[in-house]
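Here is a short tour of a protein model, written to be read with the structure open beside you.

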Amino acid sequence: MKQRTKQNVMLMLAGVVPVTGFCACWLIPLGMTFWYAFQRNAFDLQFTGLDNFAYLMGNRYFQQGMGNLLLLGGGMILTSLLVALGIAPLLCAHPRLTSAGMAVLLLPLLIPSISAVKLWQSVFDTSSFLAPASSVASLLTLFLWKYAGVGAVLLYTALKKIPQNILDAAALDGAGSIRTYLSVRLPIAGGQVAMVLIVLTMFMFRVYKESYLLFGLYPSEDVYMLQHYMNNQYLKINLQYVTAAAVLLTLLALLLYGLSWLFLKKRRAAA
């Protein structure tokens with residue numbers, strides 16, 4: 001009995017460190033962010049209700065940043081998903097090249113963003129005033145190169161788990177490789193497709209790093225995203241607008257993650 005009590009105490013003490021770290025590094029800063037979002041400013045901590053959020057909703061640059069984030073982010077996610085859907089069956093069709101192919105697809109994640117950005121800047125015009133279409137193309141292709149391979153590898157792992165007898169039955173019914181992939185393999189792997197959407201959404205919210213390295217603080221209007229607005233407001237010490245925008249960005253992320261999770265749950269229930 002004493003030995004078990006001692007083990008329970010040791011387990012509780014071992015859990016104190018991660019819980020303390022979680023509170024100090026995530027929970028407390030998140031709470032402070034929500035608190036600041038309802039204050040007048042960093043120097044006058046007077047509760048103002050939803051005034052900061054109302055200001056953001058009426059601000060032209062916030063609207064532009066949020067709109068570009070949704071538009072560009074949606075394009076990045078959908079394009080990367082289509083590329084992943086095209087690459088995954090190729091990995092299954094050539095098992096001898098699978099290991100090398102997966103290494104090539106995951107390699108961009110290990111390459112520092114600054115190295116890739118220098119190459120992209122030599123190919124695309126990323127000026128703040130010239131060729132906005134080129135700026136969009138540079139950001140989109142950089143996202144595809146860096147993250148679409150991750151989605152392809154995740155889909156490949158799901159496709160490989162499909163029983164061979166199901167594929168043989170589809171072949172006996174006269175379904176070709178493309179028909180089998182679209183009508184049999186993808187529906188079975190629907191849960192993994194939802195997982196890929198969640199992963200790509202997570203990467204989409206992190207694309208500001210590459211965007212900042214490509215275009216700097218003041219990019220063209222076509223690639224000006226919400227994170228640019230937040231950074232510029234931070235430099236002006238408008239912490240009330242930064243935190244309010246962060247709250248809205250967090251809610252947006254939770255909404256997108258929630259929709260993907262519901263789709264994932266539905267697919268797993270159907271399976």
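Let's begin with a pair of helices. In this predicted model, helix α2 (residues 51-58) packs against helix α3 (residues 60-93) at an angle of about 75°, and their axes are 5 Å apart. Angles of 65 to 115 degrees count as roughly perpendicular, so α2 is roughly perpendicular to α3. Which residues make the contact between α2 and α3? On the α2 side they are L56, M57 and G58, and on the α3 side R60, F62 and Q63.

Now step back to the whole chain. The protein chain has 12 helices and 0 strands, so reading along the sequence gives the pattern α-α-α-α-α-α-α-α-α-α-α-α. Of its 271 residues, 39% count as buried. Take the contacts between residues at least 6 apart in sequence: 73% of them join residues at least 24 apart. The accessible surface of the chain comes to about 15,700 Å², and carbon and sulfur atoms account for 70% of that area.

How many salt bridges does the structure hold? The count is 1. This salt bridge joins the side chains of K146 and E210, with 3.1 Å from N to O. The two partners come from distant parts of the chain, 64 residues apart: K146 sits in helix α6 (residues 132-160), and E210 in helix α10 (residues 208-215). Are K146 and E210 buried or exposed? Both of these residues are buried.

Next, look at the surface. L106, L107, L109 and L110 form a nonpolar patch there, and together they have about 360 Å² of accessible area. One of these leucines, L110, belongs to helix α4 (residues 98-110).

A loop residue also deserves a look. I237 is found in the loop between α11 (226-235) and α12 (239-270). Although I237 is not a glycine, its phi is positive, at about 60°.

| Residue | Relative accessibility | Class |
|---|---|---|
| L110 | 69% | exposed |
| I237 | 45% | partly exposed |

Why do L110 and I237 fall into these classes? Exposed means over 50% relative accessible area, and buried means under 20%, with partly exposed in between. L110 has 69% relative accessibility, so L110 counts as exposed. I237 has 45%, and therefore counts as partly exposed.

Note on methods: Residues numbered from 1 in each chain as written. Predicted model: local features only at pLDDT ≥ 70, side-chain atom pairs only at ≥ 80, totals over all residues. Heavy atoms only, no water. Patch = residues over 30% accessible without salt bridge, like charges linked within 9 Å, V, L, I, M, F, W, Y side chains within 5 Å. Areas by Shrake-Rupley, 256 points an atom, 1.4 Å probe, with all protein chains shown as cover. Salt bridge = Lys/Arg side-chain N within 4 Å of Asp/Glu carboxyl O. Helix = DSSP H or I, 4+ residues; strand = E, 2+ residues; numbered from the N terminus. Buried < 20%, exposed > 50% of the residue type's maximum accessible area, 1.4 Å probe, protein only. Axes fitted to C-alpha atoms, helices over the stretch in contact; angles between N-to-C directions. Parallel < 35°, antiparallel > 145°, perpendicular 65-115°, else oblique. Contact = heavy atoms within 4.5 Å.
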